[in-house]
Amino acid sequence: MMQKQYERLGVSPAVYRLGEQILKGLGPRFAEIDRTAEVNQLKVLAAMQKNGVDAACLSGTTGYGHDDKGRDTLERVYADVFGTETALVRPHITCGTHALAVALSANLLPGDELLSPVGKPYDTLEEVIGIRESACSLKEMGVSYRQVDLNPDGSFDYEGIRQAINDKTKLVTIQRSKGYQMRPTFSVGQIGELIAFVKKVKPGLTVMVDNCYGEFTETIEPSEVGADMVVGSLIKNPGGGLAPVGGYIAGTKKCIDRCHYRLTAPGIGQDVGASLSVMVNLYQGFFLSPNVVAGALKGAIFAANLYERLGFEVLPNGTESRHDIIQSIRLGSRERLIAFCEGIQAAAPVDSYVTPVPSSIPGYDDEVIMAAGAFVQGASIELSADGPVREPYAVYFQGGLTWHHAKFGILMSLQKLYEKGLVSL
Ligand SMILES: *Cc1c(COP(=O)(O)O)cnc(C)c1O
């Protein structure tokens with residue numbers, strides 16, 4: 001029955017059987033992921049009940065958005081789940097980079113210094129900070145930047161960090177997920193140790209964690225181990241695939257009040273911002289997120305083990321613990337990278353008939369290929385894959401709104417490689 005359904009969608013018996021064989025060994029890990037999802041599901045539910053979410057919260061406002069009960073309640077729900085005093089959760093935050101830019105620019109003043117003790121931040125932050133020149137960067141506003149790279153083994157360079165902290169250091173930014181770099185993703189425990197260290201060197205420092213792709217992969221969040229702000233995008237994990245737009249910043253009242261002023265206007269802050277008609281999606285997406293993240297994690301682990309078995313280098317490897325939903329596979333050739341992305345695209349619920357092709361993108365030296373057939377444009381909590389067309393032809397993929405869809409997508413990627421004779425099973 002099952003195999004027939006896969007065959008109908010184009011997965012050959014050989015690929016299907018290999019998948020089933022790999023899955024046999026993953027039972028205990030999947031059970032652990034389910035337990036994490038269960039804890040997080042209960043956390044979200046408890047926060048919704050405690051804050052009295054009701055039908056009126058789901059309806060939204062227009063115009064100025066004064067007294068928007070749904071918006072204000074959702075912010076309290078986020079604050080409770082992240083264990084923070086307060087939160088800013090808004091559809092007016094356009095993306096993760098915007099949320100991070102708001103958090104940084106609201107809490108840094110001319111003469112202050114920003115420190116990244118974990119190496120280079122995510123690409124789009126380079127212009128926010130001014131590492132690459134840009135109008136309105138922090139650098140242009142008189143905020144300096146310092147960075148301490150990780151040790152070659154991926155650990156924190158504590159001595160270097162101690163030396164980098166000076167009179168001007170005001171805010172420390174820590175990126176949880178590796179993003180598109182070849183370094184490990186940090187666990188919440190590791191982040192907690194780093195936060196304790198920098199706050200011991202200089203009490204009063206503000207610590208922000210870029211939480212993108214990390215939410216609900218563990219049972220605690222960086223805000224529960226000392227981060228003053230955690231920041232992320234709603235078209236990644238916490239939107240659960242249903243949020244059509246938005247970002248969040250959860251943290252201390254001292255930091256978040258400033259973020260409200262930065263996002264809207266000084267003096268007005270959180271009192272305005274009509275939520276229009278998206279509230280139901282933000283609530284429902286957050287409610288589903290723990291399970292959506294669990295499906296994406298299972299997909300990542302399945303892919304790591306499947307491709308590792310076939311001899312490819314995968315990061316993280318098949319047995320490593322997981323702290324974000326990104327999986328990379330070094331496919332080693334242009335043809336394989338393209339075929340992999342064709343498989344992911346062919347598995348999509350939307351735009352499945354489209355063939356992805358490599359093309360040049362502003363800001364990148366090499367051609368890039370991307371596969372995504374998503375309900376929400378660009379949503380990377382939905383099954384998607386991309387990679388620069390250059391050595392070592394590594395594909396990065398993530399997401400999957402359900403585990404079964406993630407599984408199917410990964411089998412389709414292998415099917416395309418297999419059909420083109422680019423891999424032997
Ligand atoms: C996605 C991401 C961002 C930026 O988010 P956008 O929504 O793409 O602007 C920042 N940091 C990390 C680690 C990310 O994964």
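**Note on the domain interface and local geometry**

1. Asp324 and Lys178 form a salt bridge in this predicted model, with 3.9 Å between the closest N and O atoms. The cut-off for such a pair is 4 Å. Across the interface of domain 1 and domain 2, the rule finds one salt bridge.

2. The domain assignment places residues 2–41 and 291–419 in domain 1, and residues 60–285 in domain 2. The centres of the two domains, taken over C-alpha atoms, are separated by 28 Å.

3. On the extent of the interface: 26 residues of domain 1 are in contact with 23 residues of domain 2. The size of an interface is often given as the accessible area that is lost when the parts come together. Between domain 1 and domain 2 about 2200 Å² is buried, and carbon and sulfur atoms account for 63% of it.

4. Nine residue pairs are in polar contact between domain 1 and domain 2, with both residues at pLDDT 80 or more. On the side of domain 1 that touches domain 2, at least two residues each come from helix H3 (27–50), helix H10 (279–309), strand E9 (327–330) and strand E13 (394–398). By class, that side of domain 1 has 13 nonpolar residues, eight polar ones and five charged ones.

5. The count of aromatic pairs comes to 15 by the rule used. One of them is formed by Tyr6 and Tyr16, whose ring centres are 5.3 Å apart and whose planes make an angle of 40 degrees. This pair is classed as tilted, because the angle is neither under 30 degrees (stacked) nor over 60 (edge-to-face). Tyr6 belongs to helix H1 (residues 2–8) and Tyr16 to helix H2 (residues 13–24), so the pair ties together parts that are ten residues apart in sequence.

6. Leu315 and Pro316 are joined by a cis peptide bond with omega of about -5 degrees; Pro316 sits in the loop between strand E8 (313–315) and E9. Glu391 and Pro392 are also joined by a cis peptide bond, with omega of about 0 degrees, and Pro392 sits in the loop between strand E12 (384–388) and E13.

7. Most residues other than glycine have a negative phi, and most peptide bonds are trans. Cys136, which is not a glycine, has a positive phi of about 70 degrees. Cys136 is located in the loop between helix H6 (125–129) and strand E3 (144–147).

Note on methods: Residues numbered from 1 in each chain as written. Predicted model: local features only at pLDDT ≥ 70, side-chain atom pairs only at ≥ 80, totals over all residues. Heavy atoms only, no water. Domains from an automatic or database assignment. Contact = heavy atoms within 4.5 Å. Buried area = accessible area lost by both parts, 1.4 Å probe. Salt bridge = Lys/Arg side-chain N within 4 Å of Asp/Glu carboxyl O. Polar contact = N/O pair within 3.5 Å; in protein donor to acceptor, adjacent residues only side chain to side chain. Helix = DSSP H or I, 4+ residues; strand = E, 2+ residues; numbered from the N terminus. Nonpolar A, V, L, I, M, F, W, Y, C, P; charged D, E, K, R; others polar. Phe/Tyr/Trp six-rings, centres within 6.5 Å; stacked < 30°, edge-to-face > 60°.
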